[in-house]
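Please walk me through this structure, beginning with the chain as a whole and ending with its charged side chains.

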Amino acid sequence: MDSATVLANPQMMMTTTRFELWTSTAADAPPNPRLLLTTERIALMALRIPCSGGGGGVGGSAQNAANVLTRILGALHDADGRVQVPGFYEGVEDVSPELLASWNALAFDEAAFLGRMGLATPSGEKNRTALERLWARPTADVTGMWSGYTGPGAKTVIPAQAHAKVSFRLVPG
């Protein structure tokens, strides 16, 4: 069983092919160009949280759909960056020591990689290398969300619904 089976009713599942070419022009590239070609399965979900009683004059009494959605999305990962969907990692294996050793031989500079994004500390699963997180681990990411009044100025109307889009990178296992 792989992580795809734990996702109930994904809006869309697709397979993409990722192509990366490292050349000597990149700061963290190996001295000789290398090619990485992988196949990824991605499940995309669109969430809509409806709550009754939204509108004006109901604050404190009606459920706020935006608050409900942010609680759900905030529980998607634990403090160590692991996805909290039950069964999500079932069957997912660690990278073999041989493959990990070959990745370590690439002379990849994680600090330089992160620095180009303005980061000093990586996100994602703790105790995993950047290349493991990039190439071999499943992920769950909120890619969009909206709710309530989004026009100019401010309104105090409680949103009756909230929306989010979430993508899941699925790996063999």
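The paragraphs below go from the overall layout to the salt bridges.

This is a predicted model, in which local features need pLDDT of at least 70 and side-chain atom pairs count only at pLDDT 80 or more, while totals for chains, interfaces and linings use all residues. Residues are numbered from 1 along each chain as its sequence is written, and side-chain values use heavy atoms, with hydrogens and water left out.

The chain contains four helices and four strands, where helices (H or I, at least four residues) and strands (E, at least two) are DSSP runs numbered from the N terminus. Read from the N terminus, the order of these elements is β-β-α-α-α-α-β-β. Of the chain's 173 residues, 34% are buried, buried being under 20% relative accessible area, exposed over 50% and partly exposed in between, with a 1.4 Å probe and protein chains only.

The structure has six salt bridges, each a side-chain nitrogen of Lys or Arg within 4 Å of a carboxyl oxygen of Asp or Glu. In one of them, arginine 82 pairs with glutamate 125, with 3.4 Å between the closest N and O atoms. Because arginine 82 lies in the loop between helix 1 (65-74) and helix 2 (97-104), and glutamate 125 in the loop between helix 3 (110-115) and helix 4 (130-135), the pair ties together parts that are 43 residues apart in sequence. Arginine 82 is partly exposed, at a relative accessible area of 32%, whereas glutamate 125 is buried, at 6%.

Aspartate 94, which is exposed with a relative accessible area of 53%, forms a salt bridge with arginine 128. Arginine 128 also meets glutamate 132 in a salt bridge (3.4 Å, N to O), and both of these residues are buried. A network of salt bridges links Arg82, Asp94, Glu125, Arg128, Glu132 and Arg137.
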